[in-house]
Every structure is written in C-alpha cells, then in structure tokens.
Amino acid sequence: MTSAPQAGPGAASTANTPDAADAPDAPGDGAATSADGARGLAERAAALGRELATALVSAGDEARLAAQLRELAARLGGLAGPAPADGTPPADTRARPAAHHGQEPASRSGAVGPDEDDSPVRRGDITPISSPRNPLAPPLVIEREADGSAVGRASLPLQYQGPPERVHGGIVCLMLDQVLGSAAHPKGAAPAYTRVLEVEYLAATPLDAPLTVRGWIERTEGRKRFLAGTVAHGDTITARATGLWVAPREAG
Ligand SMILES: CCCCCCCCCCCC(=O)SCCNC(=O)CCNC(=O)[C@H](O)C(C)(C)COP(=O)(O)OP(=O)(O)OC[C@H]1O[C@@H](n2cnc3c(N)ncnc32)[C@H](O)[C@@H]1OP(=O)(O)O
C-alpha cells in the first residue's frame with residue numbers, strides 16, 4: 001500500500017523519549033502525589049484512557065464491561081484527588097484558550113519542554129502515536145541510537161486492530177511516519193515535513209506483541225532528506241518504508 005503523503009510535523013531535533021513511565025496504573029492507585037506534578041497526572045490519566053479503549057473494544061459481556069467501567073471510573077477519580085471545597089479547578093487543569101491551537105508549524109516543531117511555554121501545543125510530544133499523555137497513542141516509545149537512527153518500541157492492544165489479529169495498516173504507516181520523522185531530524189536540522197511516505201506491508205503485524213520500528217536517513221540533498229525504515233516483530237520484518245522529508249524553502 002502506498003499512503004497519501006503523510007503529515008510530518010516540523011519534527012523535533014530529538015527523538016521522542018518520554019521521561020515518565022507509562023505503565024498502566026495498578027488498580028487502586030490513589031491521587032497523584034505532588035511529585036507526580038501535572039504532567040505525571042496527565043500521563044497516568046492517559047494510561048487509564050487506553051485501558052478504557054481496550055475494555056470497550058474487547059467487551060462481549062455488558063455486565064463485565066460495567067464492572068470494568070466502575071473500576072476505571074474509581075481509579076480515574078482517585079487520580080484527581082479530592083475536589084476543592086469551593087469546586088474551583090486547580091489552575092493547571094483549567095481549560096486553555098482556543099487560540100493555543102492556532103500555532104504556526106514551527107512552534108510545534110521541537111521537543112519543547114513543558115516549562116518553556118504554557119501552550120499545550122508546545123508541551124513536547126502530543127502526537128496520537130508516541131505521546132504518553134495522549135490516550136490515542138499506544139504510546140510508541142522512540143529513542144535515538146548512537147548512529148542517528150531512531151527506534152520505536154510498542155505493543156499494540158486490540159483497539160489498533162485492522163483485519164482480525166493484525167495491526168491496522170494505517171497504524172503501521174503512522175508508526176513509520178513518526179519514527180522516520182524523528183530520524184529525519186538530527187540535532188540542529190531545520191524542521192522538515194513528510195512529503196512522500198511509501199509503505200510496503202510484507203507480513204501481518206501482530207497485536208499484543210513487541211514491535212520495533214526503525215528509521216534512518218539514507219541521504220540528504222539540500223533541503224530534501226530521504227528516509228527508510230522498517231517495522232519488525234522479532235526477526236520478521238512486517239513492513240518497510242521509504243520517504244522524503246522536505247524543509248520549507250524559507251527554513252533554509
Ligand atoms: C517531540 C518529538 C517529535 C519528533 C518527531 C516527529 C515526527 C512526526 C512525524 C509525524 C508525521 C506528520 O504529521 S507530518 C505533517 C504533514 N505533512 C505536511 O503537512 C507536509 C505538507 N507539504 C508541504 O508543506 C510542502 O509540500 C513541503 C513544505 C513539504 C514542500 O513544499 P515545497 O518546497 O513547495 O515543495 P516542492 O518544491 O514541490 O518540492 C520540494 C522538493 O521535493 C521534490 N519532490 C517532491 N515530490 C517528490 C517525489 N514524489 N519524489 C522525489 N522528489 C520529490 C521536488 O522536486 C522538490 O525538489 P527540488 O526541486 O527543490 O530539488
């Protein structure tokens with residue numbers, strides 16, 4: 001399958017390396033401690049959101065689903081802690097102005113730390129594939145290797161299914177877009193966007209199994225960076241991709 005040109009946000013100069021563990025919280029977790037901070041709370045809530053999605057798509061029995069929903073609701077409420085007496089939400093959880101979503105692409109380009117700006121779009125990675133605070137993301141954990149390539153790892157539960165027992169092809173493409181996009185941005189490189197992404201699906205990509213997604217730069221020609229990558233389960237390469245990332249003329 002050849003994808004339509006994919007989104008390649010002016011990607012960061014570093015790979016996505018979430019700094020907080022994203023393991024689902026154990027049942028009965030209580031309120032976030034002060035050490036968790038707002039970021040930790042968002043990531044823990046996102047983990048429960050993922051559990052909810054898995055429960056919803058797995059549900060065959062309404063009584064069992066109802067029990068799961070009650071348990072998740074209790075854990076989610078426990079994360080938030082007791083409500084303030086006057087009902088006022090803490091400053092960190094108040095709704096942000098809509099204007100925050102109208103940033104220029106360059107402002108979304110970096111792995112910007114959470115303290116540099118109050119805007120959600122500048123708070124590091126919020127992508128639907130690798131962000132630990134986005135419940136849509138598995139999340140795919142991406143690291144940069146010494147040779148400059150990027151490696152993403154994840155195990156995808158049932159909500160990412162396409163054909164029975166296989167990861168949806170669009171999700172495979174999404175993982176490749178993100179990992180190749182990370183690899184396309186060595187330190188100091190100008191933000192570039194996915195112009196072309198071609199994916200070959202060689203074998204089934206299994207659900208609930210450790211997957212490794214690799215991306216690397218094959219060559220650079222001026223503002224064009226040619227990328228390649230793979231998705232693998234163990235020794236089996238289930239998909240491979242090539243792509244072109246282009247930095248806008250004005251960036252150079
Ligand atoms: C927090 C951590 C996160 C870190 C990592 C995060 C990664 C995230 C990845 C997520 C994926 C996304 O969401 S990505 C976002 C979605 N993508 C986009 O929005 C990109 C939309 N497209 C564009 O904005 C534009 O097309 C640009 C800026 C890419 C390029 O504009 P342009 O410069 O005007 O384009 P143009 O002149 O036509 O073409 C540029 C050059 O490419 C060549 N070119 C064009 N098509 C082809 C082609 N099929 N094969 C070969 N070459 C081609 C042209 O000949 C030209 O070369 P020459 O004649 O100059 O030599």
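Helices (H or I, at least four residues) and strands (E, at least two) are here DSSP runs, numbered from the N terminus. The structure is a predicted model, in which local features need pLDDT of at least 70 and side-chain atom pairs count only at pLDDT 80 or more, while totals for chains, interfaces and linings use all residues. Residues are numbered from 1 along each chain as its sequence is written, and side-chain values use heavy atoms, with hydrogens and water left out.

**The chain as a whole**

- Of the 252 residues in the protein chain, 37% are buried, where buried means under 20% relative accessible area, exposed means over 50%, and partly exposed lies in between (1.4 Å probe, protein chains only).
- Taking a contact as heavy atoms within 4.5 Å, residues 24 or more positions apart account for 65% of the contacts in the protein chain with a separation of 6 or more.
- The accessible surface of the protein chain is about 13,400 Å², and 55% of that surface belongs to carbon and sulfur atoms; such areas come from the Shrake-Rupley method with a 1.4 Å probe, and for residues only the protein chains shown count as cover.

**Salt bridges**

- Side chains of opposite charge can pair when their charged atoms come close.
- A salt bridge is defined here as a side-chain nitrogen of Lys or Arg within 4 Å of a carboxyl oxygen of Asp or Glu, and by this rule the count comes to five salt bridges.
- One of them joins the side chains of Glu 51 and Arg 75, with 2.9 Å from N to O; Glu 51 lies in helix H1 (residues 37-58) and Arg 75 in helix H2 (residues 62-80), so the pair ties together parts that are 24 residues apart in sequence.
- Arg 75 also forms a salt bridge with Glu 71, the closest N and O atoms being 3.2 Å apart, and these two residues both lie in helix H2, four residues apart, which is about one turn of the helix.
- Glu 51, Glu 71 and Arg 75 are thus named together as a linked network of salt bridges, in which Arg 75 counts as buried at 5% relative accessibility, whereas Glu 51 is partly exposed at 25% and Glu 71 is partly exposed at 32%.
- Another salt bridge connects Glu 221 with Arg 219, whose closest N and O atoms are 2.9 Å apart; Glu 221 is partly exposed at 36% relative accessibility, and Arg 219 is partly exposed at 43%.

- Leu 72 is found in helix H2 and is buried, with a relative accessible area of 8%.
- Leaving aside residues up to four places away in sequence, Leu 72 touches Leu 48, Glu 51 and Leu 52; from Leu 72 to Glu 51 the C-alpha to C-alpha distance is 8.1 Å, although the two are 21 residues apart in sequence.
- Leu 52, Leu 56, Val 57 and Leu 69 make a nonpolar surface patch of about 310 Å², patches being made of residues with over 30% relative accessible area and no salt bridge, where like charges are joined within 9 Å and nonpolar side chains (Val, Leu, Ile, Met, Phe, Trp, Tyr) within 5 Å.
- Helix H1 gives the most to the nonpolar patch, with three residues, and Leu 56 counts as partly exposed at 48% relative accessibility.

**Strand pairing**

- Two strands are said to pair if DSSP finds at least two bridges between them, and strand E3 (residues 193-201) pairs with strand E6 (residues 236-246) in the antiparallel sense over eight bridges; Glu 200 stands opposite Arg 240 in E6.
- Strand E5 (residues 224-233) and E6 also pair in the antiparallel sense, over 10 bridges, and Gly 229 stands opposite Ala 241 in E6.
- E5 and E6 form a hairpin with two residues between them, and Gly 234 in the turn has a positive phi of about 60°.

**The annotated region**

- The UniProt record, an unreviewed entry, places the feature "domain: Thioesterase" at residues 167-224; UniProt positions are given in the numbering used here, feature names are shortened, and annotations may be inferred rather than shown by experiment.
- Over residues 167-224 the chain is 26% helix and 38% strand, with the end C-alpha atoms 30 Å apart.
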